[in-house]
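Here is a short tour for anyone meeting this model for the first time.

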Amino acid sequence: MTIAIIIAVVVVLAAGAYFALTRKPAELPPGEQPKAQLPAKKAEPAQQQRAPEQAKPAQQAQQKQPSVKPAAGAPEEEVVEPISIAPGPPEAEPSRPAKRDVSALRKGLAASRGGFIARLRALVTGKKEIDPAILEQMEEVMLTSDVGVQTTHAILGRLRDRLQKNELSDENAVWNALRAEATEILKVGHHGGIKLTAQKPTVVLMVGVNGVGKTTTIGKLATRARDEGKKTLLAAGDTFRAAAVAQLEVWGKRVDANVIRGKENSDPGAVAFEATTKAKEAGVDLLLVDTAGRLHTKTPLMDEIKKVRKTIGKALEGAPHETFLVLDATTGQNALQQAAQFKEAVDLTGIILTKLDGTAKGGIVLGVCDALKVPVRYIGLGERAEDLRVFDAEDFVEALFGSDEERAAAE
C-alpha cells in the first residue's frame, strides 16, 4: 500500500514537470503585448525610434501621425481632419453722431439773430395759414439786411412756387424752407478753412481794402496754424503802409514766425517772390502773403495784385494756391461791390468775413456766397485769435435760424 502511494506521487510529480517544460505561452490577441514578458531584441529599434519622437517639441507633436491599419475584424476609426476657423471681423460699435457745438457761434451772431432773423420770424410766427402777400414783407426785411437783390428774388421766387403748390401750409414749413434755402446757398464749395497742398509750402494770397482787418486776420490764421503744429512764414506785401508791416511783425513774434519785408514803398512783387523762395527752401507748411489795400475804386490796386500773383507763380509753379478776399461784414452792400470787383480782377478761392458779430444785418453772408459762387472759409466773431472760426454752412444756419427751444433741446 505504501509502495503504491509512493508510485502515485512520483507519477504526479513527473507529469507536472513534463507539462511545465513542454507548455507554450498562451496566444494573445493581435496587437496586445504580454504584460510580464521582457521585450525581445528585435523590438528595440522600434522603441529607440519612438523615444526621439516623444522628445520632439509640442508643435511637431501636432503634426499628422502615419495611419495605422486596424487589425482584421476591428472597426475602422473615423479620421477627423482639424478645421481652422478664421476669426470674423470685430463687431463694430454703433456710430454715435457727433454733438454739434454751436453755442459760441450763436453768441457771436446774437446781433443778427436779434435783428435780421427776429424780423423774419415775426412775419410767420402764429400764422395758421400762409398768405402769399407775406413774401412781399419778407422781401423788405431781406433787402434791408444786406441779403442782396439777386439773392432775395431767387429765394422768394422758389418759396412762391412752393406756396402755389400748397407745400408751405404753416409757419414751420415756411421757416424750414427758409433754412433749407440758406443752407443750399452757403454750401457752395463745401469747404471751410485752408486746403493744404501735398507739396510745401501752401501759399495763400490775402487781398482786401484797407480797414477790413486783413493784417489782423493773417495773424489769426498764423496762430491757428501754429496751434495745429504747422510752420508758417509771413510776407509783408503791403509796403505802402509802415503800420501794416509793423503789425505783421508783432504777430510774427507772437506765433514764432519769420516775416519777410522790404523797404517802404518797395515793389510788393519782389517781397512776395523772396518770401515764396525762402518758404520753399525752408520747407514751411504755410506762407501767408499780405497785400496793399487802397480804395477798391482805384484801378492800379487791381493791377498791382495781378502782378503779385504772377510773381508768386514764377517763384513756385501753381502758386498761390489760395486767394482769400477779406470783407468787413458791417459795410453791407459796399462789401458786395468790393467782392464783385476783386472777383473780376483775380481768381478768388475763398472769402473771410470779419466783424460779423458787430452787425444786425447778417444777410451779407448769403448775398456774397450767392452772387460770387465763392465759399466762405472763415468768419470773424471777435477780437481774439480763436474768434476766427472755420466756416461750416450747417452750423452757421443752425446758429442763425435755430429757435431757443431747439437750442435748449440740443443742450
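In this predicted model, helices α5 (110-124) and α8 (171-186) each supply at least two residues of the lining of the largest cavity. The largest share comes from α8, with 3 residues. Around this cavity you will find F116, L120, M142, I155, L178, E181, A182, L366 and F401. The count comes to 1 cavity of 30 Å³ or more.

There is also an open space to visit, the second largest pocket. Its lining is made up of 14 residues, and those nearest its centre are K220, T354, K355, G382 and E383. Helix α9 (residues 214-227) gives the most to this lining, with 3 residues.

The table sets out the two spaces.

| Space | Volume | Lining by class |
|---|---|---|
| Largest cavity | About 40 Å³ | 8 nonpolar, no polar and 1 charged residues |
| Second largest pocket | About 240 Å³ | 3 nonpolar, 7 polar and 4 charged residues |

Now to helix α11, residues 268-282. Which residues of α11 are buried? They are P268, G269, V271, A272, A275, T276 and A279. Seen down the axis of α11, these buried residues fall within an arc of 155°, so they line one face of the helix.

Both ends of α11 are worth a look. Just after the helix, G283 takes a positive phi of about 70°.

Methods. Residues are numbered from 1 along each chain as its sequence is written. This is a predicted model: local features need pLDDT of at least 70, side-chain atom pairs count only at pLDDT 80 or more; totals for chains, interfaces and linings use all residues. Side-chain values use heavy atoms; hydrogens and water are left out. Buried means under 20% relative accessible area, exposed over 50%, partly exposed in between (1.4 Å probe, protein chains only). Helices (H or I, at least four residues) and strands (E, at least two) are DSSP runs, numbered from the N terminus. The arc is that of the directions from the helix axis to the C-beta atoms. On a 1 Å grid over the protein atoms alone, a cavity is a set of points where a 1.4 Å probe fits but cannot get out, and a pocket is an open set with protein on both sides within 12 Å along at least five of seven lines; lining residues have an atom within 4 Å of a point. Grid points are joined across faces, edges and corners, and a volume is the space filled by probe spheres set on the points. Ala, Val, Leu, Ile, Met, Phe, Trp, Tyr, Cys and Pro count as nonpolar, Asp, Glu, Lys and Arg as charged, and the others, Gly among them, as polar.
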